[in-house]
Amino acid sequence: MASTSSHRGLGVGVGDAIKTAANSISADSQTLIADIRKFLPVLREVAVDLEKVNEGDHKVKQLEEAMIELLQTSEDCACFSSALVSVGNTYQLTEEPTDFKKLLEEEMLKLDSLSSVPQNSALLRQFKESVWSVHHGGQLMPSDEQEDIVMTGTQTNLLNISCPLSGKPVIQLADPVRCVECKHIYEKTAIMQYIMTKRAGAKCPVAACPRVLTSAKVLCDPLLLVEIEEMRRSKSNQADRSIEDFTALDEEG
């Protein structure tokens, strides 16, 4: 009996240590990802400047390829970090040696199948739109399939723009979290209370989403805060442009 109690106590201690280490590495990864994402607008600005002086084509293409590589690096880093946190949150000490490498690889494989590809990133679309608009202002930019699509600075990788439980806009959430599987975003306090109430049957509260939630699957992944800040800046820039448009109309009147 004492041995069982001692083993359980050791398991809790080891589990807490692993969880703490995983969260620490995740925090470092989030800083790295944020630095990468902050550099992407610089690539876009350089590409636009090159296009303005008619030095685009090859150089702009190189910048676009560099952006794709950075987006992929950011996604890979986020996948690794999320997998590490997930393993840390669900780890339980057993009598058999734990193959952490296998656990991490399995979790990364699961998350990788759910991650987005750089070519579909809103940031890459904004890069292409900015370059296109230099010589085609006001015209729709054709997609790779030659279909007309509208590129706007408000496009985002976030699946939902408000918490389905609290109703608050994502950019106003004090403690946002995201499901590692369906990628929907919630206010942490609201979703944790929801999971506790529903227990084993806690389906994602977003309409038509079939995912079943657990506390281990809902976390603040490395990209979430970065993407929310990008959305916040995008909305701010859009508001500034609207004010400029109204000011111009008043001056013309």
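Trainee: Where is His184 found?

Mentor: His184 sits in the loop between E3 and E4. Keep in mind that this is a predicted model.

Trainee: Is His184 buried or exposed?

Mentor: His184 counts as buried, because its relative accessibility is 12% and the cut-off for buried is under 20%.

Trainee: What is His184 in contact with, leaving aside its neighbours within four places in sequence?

Mentor: Its contacts are Leu159, Asn160, Val177, Arg178, Cys179, Cys204, Val206 and Cys209.

Trainee: Changing topic. Which residues touch the most other members in the largest nonpolar core?

Mentor: That core has 21 residues, and the ones touching the most other members are Leu158, Tyr186, Ile191, Ile195, Cys204, Leu213 and Val218. Strands E3 (176-179) and E4 (185-187) each give two or more residues to this core, as do helices H5 (188-198) and H6 (222-252).

Trainee: Pick Ile191. What does Ile191 touch, not counting residues up to four places away in sequence?

Mentor: Ile191 touches Leu165, Val177, Tyr186, Pro205, Leu213 and Val218. There is also a second, separate core of 13 residues, with Leu40, Val60, Leu124 and Val131 among them.

Trainee: Now the surface. Which residues form a nonpolar patch there?

Mentor: Phe39, Val42 and Val46 do, with about 220 Å² of accessible area together. Phe39 belongs to helix H1, which covers residues 2-52. At 41% relative accessibility, Phe39 is classed as partly exposed.

Trainee: How many salt bridges does the structure hold?

Mentor: Ten. In one of them, the side chains of Arg37 and Glu230 meet at 3.0 Å, N to O. Arg37 is in helix H1 and Glu230 in helix H6, so this pair links parts of the chain 193 residues apart.

Trainee: Are Arg37 and Glu230 buried or exposed?

Mentor: Both are buried.

Trainee: What about Glu181? Which residue is its partner at 3.7 Å?

Mentor: Arg211 is the partner there, with 3.7 Å between the closest N and O atoms. Glu181 lies in the loop between E3 and E4, while Arg211 lies in the loop between H5 and strand E5 (218-219), 30 residues apart. Glu181 is buried at 14% relative accessible area, whereas Arg211 is partly exposed at 33%.

Trainee: And which residue meets Glu181 at 3.4 Å?

Mentor: Lys217, again in a salt bridge between side chains. Lys217 is in the loop between H5 and E5, so its pairing with Glu181 ties together parts 36 residues apart in sequence. Lys217 has a relative accessible area of 26% and is partly exposed.

Trainee: Last one. Which residues do salt bridges with shared partners join into one network?

Mentor: Arg37, Arg178, Glu227 and Glu230 are joined that way.

Notes
Residues are numbered from 1 along each chain as its sequence is written. This is a predicted model: local features need pLDDT of at least 70, side-chain atom pairs count only at pLDDT 80 or more; totals for chains, interfaces and linings use all residues. Side-chain values use heavy atoms; hydrogens and water are left out. A nonpolar core is a set of buried Ala, Val, Leu, Ile, Met, Phe, Trp, Tyr and Cys residues joined through side-chain atoms within 4.5 Å. Buried means under 20% relative accessible area, exposed over 50%, partly exposed in between (1.4 Å probe, protein chains only). Helices (H or I, at least four residues) and strands (E, at least two) are DSSP runs, numbered from the N terminus. Contact means heavy atoms within 4.5 Å. Patches are made of residues with over 30% relative accessible area and no salt bridge: like charges are joined within 9 Å, nonpolar side chains (Val, Leu, Ile, Met, Phe, Trp, Tyr) within 5 Å. Accessible areas come from the Shrake-Rupley method with a 1.4 Å probe; for residues, only the protein chains shown count as cover. A salt bridge is a side-chain nitrogen of Lys or Arg within 4 Å of a carboxyl oxygen of Asp or Glu.
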